[in-house]
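The following exercises are meant to be worked through with the sequence and the model open side by side.

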Amino acid sequence: MKLKTKLTLGVGLLFLLIVLLSVIGSVYINKLKSDTEKILTANYNSIEFSKNMLLALDKISSDSAVAIRDFRKNSILQEKNLTEFGEKEATQNLNLHFRDYLQQPTVEKEKMIREDLVTIMSLNMKGIERKSDIAIITAENATFWIVSLGTVCFLIAVVLLVNLPQTIAEPIKQLTFSIRQIADKNYNQRVHFKGSEEFNDLARSFNIMAEKLQEYESSTLSKQLMDKKRIETLVNNMHDAVIGLDEHHYIYMINDEALKITNLKKEEMIGKTAHEVALNNDLIRELLKNAENPAKEPIKIVADHKENYFEQEIIPINIVKTGEKEKKNIGKVILLRNITPFKELDFAKTNFIATISHELKTPISAIKMGVQLLENQKFGTLNEQQQELLKSINEDGQRLLDITGELLNLSQVETGNIRLQIESCNPKEMVQAAIKNVEKLAEQKSISITAQYLTGDQDFVSADFDKTVWVMNNFLSNAIKHSFQEERIAVTVERQASSVRFSITDTGKGIDEKYHRQIFDRYFQVPGEHQNGTGLGLAISKNFIEKQYGEIGVKSLPDHGSTFYFVLPLA
């Protein structure tokens with residue numbers, strides 16, 4: 001519990017009891033005052049009036065006129081001060097007997113008047129006794145409550161007096177001792193308070209301060225400088241370019257490799273903001289743009305009269321400060337990884353593939369031509385085994401020809417030498433051309449291909465006719481390959497807002513959703529499938545469509561078939 005809460009409860013309760021004590025005392029004092037006033041005004045006055053009437057009765061014989069007047073005066077006052085039970089009847093009898101006495105004075109009548117006055121005085125005396133008893137009970141109750149509440153207030157005051165100074169003084173004493181220890185550079189000192197939350201928070205803050213001072217003391221300036229030198233030497237000897245930015249985008253670190261490719265001096269960058277340097281440096285400007293929107297493609301930089309390729313990586317720097325729990329960002333490091341040797345190898349590989357594919361295409365075509373001549377049996381009749389052998393050679397030759405064609409297309413894609421002839425094309429003609437190319441393949445599995453056109457006669461697309469038909473051929477060939485015997489493949493062409501969507505749907509095994517992103521990657525093939533392709537067709541299709549400013553994708557679920565689609569803009 002907080003100390004403030006304890007003090008509020010203790011002092012507040014004591015204050016409340018004191019107020020209650022004052023109220024009870026005031027109530028009982030007023031009640032005693034009321035009881036006393038009732039005795040004085042009611043009973044005492046009646047006795048006084050009766051005594052005066054007795055004195056007046058004694059003086060009637062000597063001074064009758066004055067005595068009668070005094071008697072009547074006190075009698076009237078008595079009539080107005082009737083407070084006890086039976087006093088009214090006694091007063092009425094008194095007045096009646098006094099009138100009879102004035103008409104004919106006798107000793108008997110005077111005796112009766114005196115008896116009436118004694119009765120009135122007796123009644124008021126009993127009233128005084130009864131009201132005195134009530135006043136005594138009131139006084140006893142007042143004494144009980146005042147003493148009880150006073151005792152409780154005393155006990156609370158004693159508890160506060162005993163505990164409060166100790167509760168406040170002891171933590172202050174410990175804290176004072178610990179501060180002196182810290183002043184003497186004893187940074188191992190820690191405080192641990194028990195009790196209120198305020199002192200616990202104070203102890204926690206003090207311990208964090210001592211921990212930070214201990215951390216600072218243990219790391220000397222010379223050690224820090226040596227560590228800084230080590231890091232700088234390590235960073236400067238890296239083959240990758242490194243640029244360090246703080247949380248406000250000030251450049252605080254840059255290695256020699258980064259200075260070389262930016263063509264700047266160290267003093268022109270250190271201590272300045274990256275945006276300030278970017279005003280006069282295209283590379284830094286490009287790096288900042290990529291830092292906010294990371295680029296997928298490598299950055300090409302001309303350095304030493306040579307094209308160099310770099311992959312950019314942004315590494316955020318997050319630390320947890322001493323005494324804190326949450327991570328805080330204090331900047332980032334831009335890392336440029338030099339991938340030029342790998343690019344050169346990739347170019348060499350692409351050129352090799354293009355050369356080999358081109359060189360292989362001619363002899364493969366010659367082999368296929370020779371096989372066709374043999375199949376025509378112009379050079380003699382073939383037996384059944386020879387015909388089967390020729391059929392196998394023809395299929396393998398066609399497969400090699402398809403592979404070399406894909407490899408040539410891949411080399412074009414990788415070198416960026418895709419030659420597109422963009423023109424206004426009729427979607428229906430492209431679909432019909434693609435279906436015609438795969439008719440024989442579909443007939444082998446008794447698969448029917450249907451086409452549905454949900455476009456107008458004037459809905460032409462802006463595309464390369466041959467490349468787009470090649471993509472549809474690839475989709476249809478895959479659909480036939482993964483469909484069962486006597487299934488159906490549907491081709492749908494539909495008009496969208498400003499584009500046309502081509503969809504090829506089969507009823508095959510389908511593709512698990514976790515492979516959808518990789519399906520268009522080079523050399524990727526869905527695990528578990530019968531692998532009889534190169535894994536290049538969909539990757540080349542993706543490049544062909546995207547080069548035409550289109551979009552390509554797949555929708556598929558296991559055992560529910562697949563739909564491969566691409567979208568091309570309207571002409």
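**Exercise 1: F566 and the cores**

F566 is in contact with T468, V471, M472, F475, V500, R501, F502, I545, E551 and I552, once its neighbours within four places in sequence are left aside; contact here means heavy atoms within 4.5 Å. The model is a predicted one, in which local features need pLDDT of at least 70 and side-chain atom pairs count only at pLDDT 80 or more, while totals for chains, interfaces and linings use all residues. Residues are numbered from 1 along each chain as its sequence is written, and side-chain values use heavy atoms, with hydrogens and water left out.

Solution. Begin with the term: a nonpolar core is a set of buried Ala, Val, Leu, Ile, Met, Phe, Trp, Tyr and Cys residues joined through side-chain atoms within 4.5 Å, where buried means under 20% relative accessible area, exposed over 50% and partly exposed in between, with a 1.4 Å probe and protein chains only.

**Exercise 2: Two helix pairs**

Task: Describe how α14 crosses α15, and then how α2 packs with α3.

Solution. For the former pair, the axes of α14 and α15 come within 10 Å and cross at roughly 150°; axes are lines fitted to C-alpha atoms, for helices over the stretch in contact, and angles run from 0 to 180 degrees between N-to-C directions. The crossing of α14 and α15 is left-handed, a term used if the near helix is turned anticlockwise from the far one by less than a right angle. In this pair K467, W470, V471, N474, F475 and N478 of α14 meet G537, L538, I540, S541, F544 and I545 of α15. The residues of this contact divide into seven nonpolar, four polar and one charged, with Ala, Val, Leu, Ile, Met, Phe, Trp, Tyr, Cys and Pro counted as nonpolar, Asp, Glu, Lys and Arg as charged, and the others, Gly among them, as polar. Within α15, the buried residues include G537, L538, A539, I540, S541, F544 and I545.

Turning to the other pair, helix α2 (residues 64–79) and helix α3 (residues 87–103) pack at an angle of about 160°, with their axes 10 Å apart. That angle makes α2 roughly antiparallel to α3, a label given to angles over 145 degrees. The contact is made by I68, F71, R72, S75, Q78 and E79 of α2 together with E87, T91, L94, N95, F98 and L102 of α3, and its residues divide into five nonpolar, four polar and three charged. Here, too, the crossing of α2 and α3 is left-handed.

**Exercise 3: Positive phi and loop neighbours**

Solution. Most residues other than glycine have a negative phi. S446, however, has a positive phi near 55°, and is found in the loop between α13 (439–443) and β7 (448–454). Because its relative accessibility is 43%, S446 counts as partly exposed. D559 has a positive phi of about 65° and lies in the loop between β11 and β12; with 66% relative accessibility, D559 counts as exposed.

Task: Which residues does Q485 contact beyond its sequence neighbours?

Solution. First place Q485 in the loop between α14 and β9. Leaving aside neighbours within four places in sequence, Q485 is in contact with Q444, K445 and S446. Q485 and S446 are 39 residues apart in sequence, yet their C-alpha atoms are 6.0 Å apart in space.

Notes
Helices (H or I, at least four residues) and strands (E, at least two) are DSSP runs, numbered from the N terminus. Angles under 35 degrees count as roughly parallel, over 145 as roughly antiparallel, 65 to 115 as roughly perpendicular and the rest as oblique.
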